[in-house]
Amino acid sequence: MNPSASIRALTRPAAIDGAAVAVLLIAGLVGFMPAYQGFGFLRPALGGLVLGGAIAWVGAWRRWSSLSVAGATVSVYFLAGGALALPATAVFGLIPNLTTVRGLAIGVVASWRQFLTATVPVEYFQEVDVVPFLVALVGTVAAASAAWRCRWPSWTMAPVAAVFIATIAMGTQETAWPLVQALAIAIVAPTWLSWRVRAARAAGDVRQDQLLRADARRALFVARVRDTAIVLAATILAGVGAFGPLTAGLNRDVARAHVVPPLDMRQYASPLVSFRSIVRDQEEAVLFDVEGLAPDARLRLAVMDAYDGLVFAVGAGRSADTGLYNKVGPVFPAPLDVAGTPARVTVTVRDYGGVWVPTAGFVSGVEFGGARASALQAELYLNAEANALVNPAGLMAEDSFSLTTVLPASPDPNLLAALTLASKELPPVEGAPDSATSVGGRFVGAATADYERVRGLVDGLVDPEHGFFSHGLADDAPSRPGHSANRIEELLRANQMIGDDEQYAAAMALMARQLGIPARVVMGFHRDPGAPGGAGEVWHVTGDDVHAWVEVAFDRVGWVAFDPTPPEDQVLLAQSPRARQEPQPEVLQPPPPPEAPAELPPQALPDDSEEDEKDEEPPTDWGPIVRLVLLIAVPILAIVAPVVAILIAKRRRSKRRRAAASASTRLSGGWREILDYATDLGTATPRASTRWEGAGLLAESFGTPGVLVLAQRADAGVFAGIEPTDAEVDDFWSDIATARREIGRKVGWWRRVRAAIAIASMRRPVARRRTAGRPVRGPVSGHQLAKKGW
C-alpha cells in the first residue's frame, strides 16, 4: 500500500487546488492597492502568499497537527518578516535582528492602527508592510490547509472571505479592479468547488466499483468539462451584466473613514527657530495672562526630540517614545501615578499667535472659552508622551482656555542621585557635531552615576569661566542665532562659549543623546529667579520670559527639567553693562601686550577628550538587556515548556509501568510501550484487537516482523498462569527498546522527533481510534501474515 495515496497534497490535483486558492487570495490582496497608490504591497503580500502556501503544503504532506502548523507560521513570520515587511531594520535587509523581532511583535497589534491612520500612500510610513504580509501569510496557511486537508473544500472560502474583508476594511473608498475581483470570486470559486465535488463523487464510485470501464471514465470526464463550461459561461454573463447596475451610486464604507488619524507634525516648523525673534521683537509684549500657576512652575509650549543637523523638531510618531498627536475632547485620561498639586490654570491669549498650546504640569482636561471656543475645542490634539498640546486652528488674541492639571513637585536631587535613567526609544540624532561627543565626555569626566553625568553636562555649560550668556542683540556680545550643527560646533569648541537658551539647550541635548542619555528640548516660559509675582497674582507672560531647557528621563519620576543656560548676568566682562555704563578716565596707557585670541580654530584646540573617553567606561545599563532577554526567553519558554512537560510525562509513564507490582503487569506494560510508540508515529491499533493482531499491523506498517515474537512472549507471560521471573521481564523490556529503535530507523528522524512530543498515546480512548487524522486500520489476519512469510 502506498502511504502517500491518502495525502492529497502529494497528488496532481493538489496543484489545481493550490492554483485556485492563489488566484482567489491574489484577487483579495489587490484590495491593498488604493492604500498604497500602486504596487508597493506586492513584496510583502506575495512573499506571505508563497510562504503560507509552503507551510500549508508541508503541513499536509507531513500530517502536522494544527498546533504544529501554527508554530511554523509564527516562526516563518519572524524569520521572513524582516526581509518582506521591515527590511530597514534587518541586517542587509534580509537577516532579522532584535529590532526586527521587536517591530514584528509590536506590529501584530499596532500596525493595524498605523495603517489606518497613515495618510495615503501608506508605503512611506514604517511598519505598515506588516499588515499585507500578515494577512497574506495567515490567510494562505488557512485557505491552503483547508483545500488540501478538509473533507469539505467549501471551508476554504472562509479564510478567502476573511482576506477580502480585511483588505476592504483596511483600504480606502477607492476600489481596486472591482470587476476583476468580482469575476475571480464568481468564476474561480464555483468552478473549483464544483470540480472538487465531482472528483470526490467519482472517487467514491471508483472505490465502490473497481471494474469501471475506460469508456465510463471518459464519459465522466466529458460531463465534468461540460458542466464546468456551462457554469463558467453563465457566471461571466451574469457578473458582467449585473456589475454596472449593482454598483452604481454605492458608497464604499471602510474602517479608515471612521478612524481619526494623528496629526502630522512635519507640516509645522520647529518652534525653537523663533526663539531669538521672540526675544528681539516681543521682549516687552504680553503674550499670555496666566492665572492659577505657582510662581516656580513652568509654562510649556513645545517638546522637541528629533534633530536633523539643522534644527530640533517635534519628532511625534518617529519612534516608540515620542508619542502621537491624537485628537482629544475636553477631558482625557491623565498619566497614572502622578504626584503633585491639582490646579486649574486659566490662560488668556494676548499678543501671541500659533498652533502651539501652552500647558503646565500633567494636563487631564482643556476647556476653551471665548468666541472661538467650539472651533478650538474641535481641533485639539494631545501628545500624551510629550505632555504637549497642539491646535491646528491656531490661537490668537482674546482666545482663552482653562487647564485641569497636576503640578508636580521638583524631584529631590538626593532622590535623583539614587535613580537610574529610564529606557526611552527616541528618534535618531542625525548630523550631530563631533564635539557633542568629545566635549560631552570631558564634561562628564569620571562620573558613573546617571544623575552625576547629567549634572556634569549642566555644570560644564554654566561654568562661569567658560560659559557666557548673550542674545546677540545690539548691546550684547556677538552671538549667532540658530542651533545647527555648525553653530553648536562653534559653541562647544570655543574657549569662551557665548549663546542663549537656544544654543545651550540644544548643545546639552545633543551631548546627552550622544552619551546614551534620553534627553529632549522643551521651549516655554518661566519666571526668572527673584522675579516679582505671588501665587494668587496674574502672571503677564512677556517675550522676556521665554526660555528653553532640557528634560532627561529617569526611572520612577519621569522627565526631569534641567537648565543648562548660564545666568543672564553671566556675560563677558568686556561686554558687561557696567563696563559700558561706567567708562574709565582717559589716561594714557602703555601699549598692551599681545593678547591670545579669544577663540582658537577647532583644529588648533588640544583635544584631550579622546584620552578621557578611552579611560571612561560607561556603566552597564542592565534594564534593556533584561528586557531583551525576556523578549527572547518568554516565547522560547512558551514553546519549550509543553515539550518538556510531554517528555517528562512519558518518562514517568514508562517508569510506572516498569515498576508495577506484579511481573505480568510489568510484562504487559512493556507491550503497551511499543503500542504507544506506534500510536505516536501515526499507526494506532484497534482497541478490540489482540496482541497478535496488533503486532501484525505493526509488522506490516513498519516492516518489523520481530514484534510478532514480542506479542507471543507477552501473551505467554500474561496467560500462562505462572508469573514470569524478574530476569524474563527485564529481558522483555530490553527487547522492547530494541524494537523501538528498529521502528525508529524505519520511519526517519523527523517522524521520531514528532513522535517524541506527540500526545496521541496519552489521549484515551480517542487516541486508540484515530491518530493524527489517520483512520485506524483493521487487524491483520494470520492468512495475510503467512502470505508475507511472517
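# Questions on a predicted model

Colleague: Is Q514 buried or exposed, or does it fall in between?
Modeller: The relative accessibility of Q514 is 33%. Buried would need under 20% and exposed over 50%. Q514 therefore counts as partly exposed.

Colleague: What is the relative accessibility of M304?
Modeller: M304 has its place in strand β2, residues 299-304. Not counting residues up to four places away in sequence, M304 touches several others, among them L272, F312, V314 and V522. M304 counts as buried because its relative accessibility is 0%.

Colleague: How far apart in space are M304 and S270?
Modeller: S270 is one of the residues that M304 touches. In sequence, M304 and S270 are 34 residues apart. From C-alpha to C-alpha, the distance in space is 8.0 Å.

Colleague: Which side chain of opposite charge is nearest to D545?
Modeller: D545 sits in the loop between β15 and β16. Its contacts beyond four places in sequence are G524, F525, H526, W539 and H540. D545 is buried and has no salt bridge. At 7.0 Å, the nearest side chain of opposite charge is R527.

Colleague: Which residues gather in the patch of negative charge on the surface?
Modeller: One of them is D544, placed in the loop between β15 (539-542) and β16 (546-554). The relative accessible area of D544 is 32%, so D544 is partly exposed. A patch residue needs over 30% relative accessible area and no salt bridge. The patch is made of E283, E284, D544, E568 and D569.

Colleague: Which helix gives the most to the nonpolar patch?
Modeller: The patch on the surface is formed by L98, I632, I636, I639, V640, V644 and I648, and together they have about 590 Å² of accessible area. V644 lies in helix α19 and, at 38% relative accessibility, counts as partly exposed. With six residues, the helix that gives the most covers residues 622-658 and is α19.

Colleague: How many salt bridges does a search of the whole structure find?
Modeller: One example joins the side chains of R350 and E398, with the closest N and O atoms 3.5 Å apart. Another joins R672 and D676 at 3.3 Å, N to O. The number found in the whole structure is 24.

Colleague: How many residues apart in sequence are the parts tied together by R43 and D129?
Modeller: The side chains of R43 and D129 meet in a salt bridge at 3.0 Å, N to O. R43 lies in helix α3 (residues 42-61) and D129 in the loop between α5 (98-117) and α6 (130-149), so the parts tied together are 86 residues apart.

Colleague: Which of R43 and D129 counts as buried?
Modeller: R43 has 38% relative accessibility, so R43 counts as partly exposed. The relative accessibility of D129 is 13%, and buried means under 20%. The buried residue is therefore D129.

Colleague: What relative accessible area does E398 have?
Modeller: E398 forms a salt bridge with R350. The pair links distant parts of the chain, 48 residues apart: R350 is in the loop between β6 (341-349) and β7 (354-357), and E398 in the loop between β10 (388-395) and β11 (400-407). R350 is partly exposed at 32%. E398 is exposed, with a relative accessible area of 55%.

Notes: Residues numbered from 1 in each chain as written. Predicted model: local features only at pLDDT ≥ 70, side-chain atom pairs only at ≥ 80, totals over all residues. Heavy atoms only, no water. Patch = residues over 30% accessible without salt bridge, like charges linked within 9 Å, V, L, I, M, F, W, Y side chains within 5 Å. Areas by Shrake-Rupley, 256 points an atom, 1.4 Å probe, with all protein chains shown as cover. Salt bridge = Lys/Arg side-chain N within 4 Å of Asp/Glu carboxyl O. Lys, Arg positive; Asp, Glu negative; His and termini not counted. Charge placed at Lys NZ, Arg CZ, Asp CG, Glu CD. Helix = DSSP H or I, 4+ residues; strand = E, 2+ residues; numbered from the N terminus. Buried < 20%, exposed > 50% of the residue type's maximum accessible area, 1.4 Å probe, protein only. Contact = heavy atoms within 4.5 Å.
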